[in-house]
Amino acid sequence: MAEILVTGATGTVGRRLVERLRDRGDIVRALSRRSGPGLVTGDLATGAGIEAAVDGVDTIVHLATTNHDDSGIARTLVEAIGPERRAHLVLLSIVGIDRNPLPYYRGKLATESVVTGSGVPHTILRATQFHSFVTSLLDAQRYSPVLVAPSISLQPIDVGELVDRLVELIDTAPSGRAPDIGGPEVRTVRSLAEAYRTARGSRRPIMPLRLPGATFRAFRSGAALVPAAQTTTVTFEQFLAARDSLVP
């Protein structure tokens, strides 16, 4: 029976991963800055509680993130692991961070560098944007008379299928950079907005958006896509149908 630490355990991926691992019988330390049932309290920003959290675990899945540069919290984590502990560190990252100057992506790339330079046995998995990320962008426009759709393409992935892949990596030896993973379809954001509009029973017009600058240009060039890499099966429409079935 494995003992696994999950950072970012209360986030979108973390909650699903912790549930999956516990359901199959693993001992899971769910790291959070909060205290509560099933949680291990620790703060990656300050380092408080982190050495105790990593002590004795077989695998650490690093999902914690911030709104800016994540490399600082990654450094806190690998320093707590230290050279004596040989836990397998699995890091979830984002497709295209080496081809897009978005500051948040620069921080993710720096995080990868911290992990690869740490000497800790590790596996890094880059994934495309989540289906839920797309819907959050569109949900945020609920009071707008139009749906704004950036003129780019995405390859959104289902979180459940991403968790499946993380579990596979947890169960295998450290491999460095694992093959990138993406959703089953490359779709324009306009196409995704049309599917969203149909699911909502809406007729709001969709307004394309093009912006200047290197970040938007990187997205337009396909930097966020992995059409030739490992892909999953759940489409955006299937995700929407499943989400809507849960709404009372």
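A residue is called buried when its relative accessible area is under 20%, exposed when that area is over 50%, and partly exposed in between (1.4 Å probe, protein chains only). Keep that in mind as you click along.

This is a predicted model, in which local features need pLDDT of at least 70 and side-chain atom pairs count only at pLDDT 80 or more, while totals for chains, interfaces and linings use all residues. Residues are numbered from 1 along each chain as its sequence is written, and side-chain values use heavy atoms, with hydrogens and water left out.

**Stop 1: strand β1**

Select residues 3-7, which form strand β1. Helices (H or I, at least four residues) and strands (E, at least two) are DSSP runs, numbered from the N terminus. Four of the five residues in β1 are buried.

Two strands count as paired if DSSP finds at least two bridges between them. Look for E3 in this pair: opposite it, in β2, stands I27. To follow the chain from β1 to β2, trace it through helix α1 (residues 12-23); this β-α-β crossover is right-handed. That word means that, with the strands pointing away from the viewer, the path from the first strand over the helix to the second runs clockwise.

Next, show residues 59-62, strand β4, which runs parallel to β1 and is joined to it by four bridges. Here T7 has H62 as its bridge partner.

**Stop 2: charged pairs**

Side chains of opposite charge can pair when their charged atoms come close. A salt bridge here is a side-chain nitrogen of Lys or Arg within 4 Å of a carboxyl oxygen of Asp or Glu. The structure holds 15 of these salt bridges.

Go to helix α6 (residues 159-170) and pick E168 and R165, which lie three residues apart, about one turn of the helix. Their side chains meet in a salt bridge, N to O at 2.9 Å. Which of the two is buried? R165 is, at 13% relative accessibility, whereas E168 is partly exposed at 41%.

Move on to E185 and R187, a salt bridge whose closest N and O atoms are 2.9 Å apart. E185 is partly exposed at 32%, while R187 is buried at 11%.

Then select helix α7 (residues 189-200), where R190 and E194 sit four residues apart, about one turn of the helix. Their salt bridge has its closest N and O atoms 3.3 Å apart. R190, at 38%, is partly exposed, and E194, at 30%, is partly exposed too.

For a last stop, select D98, R99, E112 and R126, which salt bridges with shared partners join into one network.
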